[in-house]
Amino acid sequence: MNIHEYQGKDVLRRYGVASPRGFLCHSPQEAEEAALRLGGRTWMVKAQVHAARRGDGVRQAWTVPEVRKHAGALLADLGVRRLLVEERTEIRQAFSIHMAIDRDTQRVVLMASDEGGGAHTVFVDPVSGLTAGQADGIARRIGIPGKSIPQARTLMQNLYRAFDECDASRAEIDPLVLTGDGRVIALDARFGFDPNALYRQPEIAALRDLEEEDAVEIEAAKFGLCYVTLGGDIGTLVNGAGLAMATMDAIRLYGGSPANFLDVGGGATAERVTEAFKLMLRNRKLRAILVNVFGGIMRCDLVAQSVVDAARELDLRVPLVVRMKGLNEALGRSILAASGLAVIGADDMADAAAKAVAAARGH
């Protein structure tokens, strides 16, 4: 789960990480009032969207009327709903700091870089946390002056605490800046959080902005489906995340492009399969559907009947390739054969992927 910059800065402030003063705004009028409350002579007007790259979504204003003008333009031209109006920060040097989970070492990895792009990495022991020695070493290597290293050390250690205690999966401060008077400040803040840990992070879960997320993925979650929209034209319906990944790889191997990741889990019902088909069919680029099921906990005959019921209910017109292996496989195949539907059967994953790609191409 991702959150907005202004929310990320609120999280950082709770952990003692300094950032510019600013106010959340929803209109040009509120932006103008925010600039007056902040005082000063120069302000930054920043569109609040989940995308890491905002393009022209950050603008500098030299007068209060210009703040209002920029706010109106961003709200109208970019279609955003929120703006952050901040005091301008004098930048002496700029750096970036990223934290993520390294699956190989099973540790949090801190990556920092300087203006020239030189990157430096340290892995954090989950017992001891980010040590002063590690933080100081990274600060020196990216070029933070000696007098400011204690600030940088505290900032990095507090960032790690926020990452760890909030169950984050990703944290970015880009840029992290050294000001003219030697302060170390987070000029931006990006967080991603582990959705499986949100049950113990109610304050973080409350920050979720559904309007920034894919509507299809939100709808899928209501039916217990794990769905991720991709850019291809071959829909996939699979039971098991690992098998789903392998199915997408197979499609690509045979020259196709998956339209989605869709894991129906081990307890697919006729209703769930029907909803899965509905979700896939929302994609106007869809040219074929590949159902790839390994029958273990989920019986092949139940899957076959669910697929038949869904295809009939939705009057499916897209080519459908089905590959089933495992429990009650023969019975499942007979249900498909007796349905009268134009189902394309497949013997193994390679055969299924090849047939799905051919069907999508109209062959």
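In helix H9 (270–281), the buried residues are Val 273, Thr 274, Glu 275, Ala 276, Phe 277, Leu 279 and Met 280, where buried means under 20% relative accessible area, exposed means over 50% and partly exposed lies in between (1.4 Å probe, protein chains only). The structure is a predicted model, in which local features need pLDDT of at least 70 and side-chain atom pairs count only at pLDDT 80 or more, while totals for chains, interfaces and linings use all residues. Residues are numbered from 1 along each chain as its sequence is written, and side-chain values use heavy atoms, with hydrogens and water left out.

Helix H9 has 12 residues and reaches 16 Å from its first C-alpha to its last, close to the 16 Å expected at 1.5 Å a residue; the expected span is 1.5 Å times one less than the number of residues. Helices (H or I, at least four residues) and strands (E, at least two) are DSSP runs, numbered from the N terminus.

Helix H10 (residues 300–314) can be read in the same way. With 15 residues, H10 reaches 21 Å from its first C-alpha to its last, close to the 21 Å expected. Its buried residues are Cys 300, Asp 301, Val 303, Ala 304, Ser 306, Val 307, Val 308, Ala 310 and Ala 311. These buried residues pack against helix H9, strand E14 (288–295), strand E15 (320–326) and helix H11 (329–338), with contact taken as heavy atoms within 4.5 Å. Cys 300 counts as buried because its relative accessible area is 0%. After H10 comes Asp 315, whose phi is positive, near 50°.

Attention now turns to a sheet and the helices beside it. Four strands form an open sheet in the order E1-E4-E2-E3, with antiparallel pairing; two strands pair if DSSP finds at least two bridges between them. Strand E1 (22–25) and E3 are the edge strands, each pairing on one side only. From one strand to the next, the twist averages 20°. Helix H2 (residues 28–38) packs on the sheet and touches E1, E2 and strand E4 (83–87), and the direction of H2 makes about 170° with that of E1. Helix H3 (residues 64–77) also packs on the sheet, touching E2, E3 and E4, and its direction makes about 160° with that of E3. For these angles, axes are lines fitted to C-alpha atoms, for helices over the stretch in contact, and angles run from 0 to 180 degrees between N-to-C directions.

Within this sheet, four bridges join strand E2 (residues 43–47) to E3, and the two run antiparallel. Trp 43 has Ala 61 as its bridge partner in E3, and Lys 46 stands opposite Val 58 in E3.

Ile 173 has its place in strand E8 (residues 168–179) and counts as buried because its relative accessible area is 1%. Leaving aside neighbours within four places in sequence, Ile 173 is in contact with Leu 12, Phe 95, Ser 96, Ile 97, Leu 155, Leu 159, Ala 186, Leu 187 and Asp 188. The C-alpha atoms of Ile 173 and Glu 5 are separated by 9.9 Å, although the two are 168 residues apart along the chain. Asn 260 belongs to strand E13 (residues 260–263) and is buried, with a relative accessible area of 1%. Beyond its neighbours within four places in sequence, Asn 260 is in contact with Tyr 227, Val 228, Leu 230, Ile 234, Gly 235, Thr 236, Met 248 and Met 280. Met 280 is also among the buried residues of H9.

A search of the whole structure finds one aromatic pair. Phe 191 and Phe 193 form this pair, which is stacked, at 5.5 Å centre to centre and 10° between the planes. Rings of Phe, Tyr and Trp (its six-membered ring) pair if their centres lie within 6.5 Å, and planes under 30 degrees apart count as stacked, over 60 as edge-to-face and the rest as tilted. Both Phe 191 and Phe 193 are buried.

For the chain overall, there are 12 helices and 16 strands, and 48% of the 363 residues count as buried.
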